[in-house]
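I'll go pair by pair and jot down what I looked up.

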Amino acid sequence: MNLRRLIPALMLSLFLPLPQASAESIAVAARQIPLTHADPALIDTGALIFRGGLHLTSDDSRFGGFSGLGISADGSRMISVSDTALTYATTLSYDKSGNLSGIGAGDLNVLADPDGKPLTGKRWSDAEAMSPGVEGEIIIAFERDHRLWRYDPGALTPRILKPPVELADMPGNHGIESLTLLNDGRLLAIAEGRVDEPDKVAWVSNRGGWDVLTYHAEKGFRPTGAATLPDGNVVVLERFYTPRAGVRIKIKRIPVNAIEAAAGIRGSLLATLAPPMNVDNFEGIEAIRGQDGKTYIYVISDNNFNPEQRTLLLMFELRAQ
């Protein structure tokens, strides 16, 4: 089986009905925003070109907290998982130039546990990362009670995957925040780790379990999301936050040939998102190849259900290099 050809089909499978305990329509408003209000004409940041942004809001108090992101291979649909075990699925619309311009009707779904019951309580519902698997399943990484659950297509309950053994000794809020399916069928997982420790524990799956490696984040930054580029390399979100400086985001690229057991990997900088840009607590990232052959990167922010934060969905084009 050619896994490189299979991956686009898997991305489309994200939008088959996810296993869920309940699902309902939700009203969400989308307001277009520039990369920065200080200079609405600015579209360049490093190797990325801004291709549209949305500020998403809803009167439903359950909306927000999005930590994982999936975009269909044709860019028409998105799904995001929140740290309250909810998934939000909707359609995406674009203007005549192909820039992200709006959303359609959406559904809010509650993930089920292995007994088919809705996930409740912070310990059980803290979903922090999401990735497709090689058979069309969705794999979700949870913190607090560290675990990996596999939701097979059409199944109502998840299967429990064997997690890396090192997860058992990690603090509740320092587990896997970045999870992506590589084009060769392996899974790459990166722990958020402590803010004062730049070297983060990471793992890459093998036929028998997991191999350990190290991801080096920039000082003060923590990895919060990962996605596989169409060319097989990987992009990682790194987030910095202090009350005085606010949020800063770096998007790094990792060469796929560096992802091996016992390796120490670090990314090269693609772009920095920082004030006065429209930036927030970005934790979800996805990458697709457009019908025009260009690579597009999407990011979504976790608003922590805090009225001072926002749910932002931004789209970028990766500049040809």
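**Salt bridges, pair by pair**

I began with Asp126, which counts as buried at 0% relative accessibility. I keep in mind that this is a predicted model.

Next I looked up the partner of Asp126: a salt bridge links Asp126 to Arg144, with the closest N and O atoms 3.0 Å apart. Asp126 sits in the loop between α2 (122–125) and β9 (127–132), and Arg144 in the loop between β10 (138–142) and β11 (147–151), so this pair ties together parts 18 residues apart in sequence. Arg144 counts as partly exposed, at 36% relative accessibility.

Then I turned to Glu283 and Arg239, whose side chains meet in a salt bridge of 2.8 Å, N to O. I placed Glu283 in strand β22 (residues 282–289) and Arg239 in strand β18 (residues 234–242), so the pair ties together parts 44 residues apart in sequence. Is Glu283 buried or exposed? I found Glu283 buried, with a relative accessible area of 5%. Arg239 counts as buried too, at 12% relative accessibility.

Asp60 is partly exposed, with a relative accessible area of 22%, and Arg62 counts as partly exposed at 30% relative accessibility.

Last entry: how many salt bridges does a search of the whole structure find? I wrote down 23 salt bridges.

How values were computed: Residues numbered from 1 in each chain as written. Predicted model: local features only at pLDDT ≥ 70, side-chain atom pairs only at ≥ 80, totals over all residues. Heavy atoms only, no water. Salt bridge = Lys/Arg side-chain N within 4 Å of Asp/Glu carboxyl O. Buried < 20%, exposed > 50% of the residue type's maximum accessible area, 1.4 Å probe, protein only. Helix = DSSP H or I, 4+ residues; strand = E, 2+ residues; numbered from the N terminus.
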